[in-house]
Amino acid sequence: MSTNKSAPDSSRLDRVVAQARADASEREKGYRERALKMYPWVCGRCAREFTRANLHELTVHHRNHNHDDNPADGSNWELLCLYCHDNEHSRYIDHTGDISETRAAEATSNPFANLRALMTQKKD
């Protein structure tokens, strides 16, 4: 019984591995990865501890609420769990009244504009 499996393309595999390594290196430069290396994996508010299994629930909070302010020393960051992070932003909005970071775009259309005409048309 012969199989017609072709040999794997090693040059393609090398390119994929190299790209994966480059992508990982680029992600490490991001503030989340830097903060996770810098600080213990513990929520700064509720002290919940995190492992690799649930690390996606640990977020980086910008203390001054400016997501573009990412100093190399991490002085504008703190690690917060999802719940404490949401609570912190809610408290900020309550204190400042600034809802610009959570305001959705205004609707530009009315999906029910022609509803009455459609309903009367069906009755006829």
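I started with Cys46, which counts as partly exposed because its relative accessibility is 41%. For the labels I used a 1.4 Å probe with protein chains only: buried is under 20% relative accessible area, exposed is over 50%, and partly exposed is in between. What I have is a predicted model, where local features need pLDDT of at least 70 and side-chain atom pairs count only at pLDDT 80 or more, while totals for chains, interfaces and linings use all residues. Residues are numbered from 1 along each chain as its sequence is written, and side-chain values use heavy atoms, with hydrogens and water left out.

Next I looked for disulfides, meaning a pair of cysteine sulfur atoms within 2.5 Å. My search of the whole structure came back with 0. Cys43 is in no disulfide, and its nearest cysteine sulfur belongs to Cys46, 3.6 Å away. Cys43 has a relative accessible area of 3%, so I put it down as buried.

**The whole chain**

I then stepped back to count elements. I took helices (H or I, at least four residues) and strands (E, at least two) as DSSP runs, numbered from the N terminus. The protein chain has 4 helices and 2 strands. Reading from the N terminus, I get the order α-α-β-β-α-α.

I noted that 19% of the 124 residues count as buried. The accessible surface comes to about 10,100 Å², and carbon and sulfur atoms own 51% of that. Those areas come from the Shrake-Rupley method with a 1.4 Å probe, and for residues only the protein chains shown count as cover.

For contacts I used heavy atoms within 4.5 Å. Taking contacts between residues at least 6 apart in sequence, I find that 46% join residues at least 24 apart.

**Salt bridges**

Which residues are linked in a network of salt bridges? I found Arg45, Glu78, Glu88 and Arg91. My cut-off for a salt bridge is a side-chain nitrogen of Lys or Arg within 4 Å of a carboxyl oxygen of Asp or Glu. The structure holds 4 salt bridges, and I followed three of them below.

- Glu78 pairs with Arg45, with the closest N and O atoms 2.8 Å apart. Glu78 sits in strand 2 and Arg45 in the loop between helix 2 (31–38) and strand 1, so this pair ties together parts 33 residues apart in sequence.
- Glu88 also meets Arg45, at 2.6 Å from N to O. Glu88 lies in helix 3 and Arg45 in the loop between helix 2 and strand 1, so here the parts tied together are 43 residues apart in sequence.
- Glu88 meets Arg91 as well, at 3.5 Å from N to O. Glu88 and Arg91 are about one helical turn from each other because they are 3 residues apart in helix 3.

Glu78 is buried at 13% relative accessible area, and Glu88 is buried at 11%. Arg45 is partly exposed at 40%, and Arg91 is partly exposed at 49%.

**Helix 3**

I stayed with helix 3, which covers residues 82–96. Its 15 residues reach 21 Å from first C-alpha to last, close to the 21 Å expected at 1.5 Å a residue. That expected span is 1.5 Å times one less than the number of residues. I listed its buried residues as Cys84, His85, Glu88, His89 and Ile93, and they pack against strand 1 and strand 2. Just after the helix, I saw Gly97 with a positive phi of about 75 degrees.

**Asn76**

I found Asn76 in the loop between strand 1 (58–62) and strand 2 (77–81). Is Asn76 buried or exposed? I have it as buried, at 6% relative accessibility. Leaving aside neighbours within four places in sequence, I see Asn76 in contact with His61, His62, Arg63, Asn64, Asn66, Asp69 and Pro71.

**A nonpolar patch**

Last, I looked at the surface. Phe112, Leu115 and Met119 form a nonpolar patch there, with about 330 Å² of accessible area together. My patches are made of residues with over 30% relative accessible area and no salt bridge; like charges are joined within 9 Å, and nonpolar side chains (Val, Leu, Ile, Met, Phe, Trp, Tyr) within 5 Å. Met119 lies in helix 4 (residues 115–123), and I marked it partly exposed at 49% relative accessibility.
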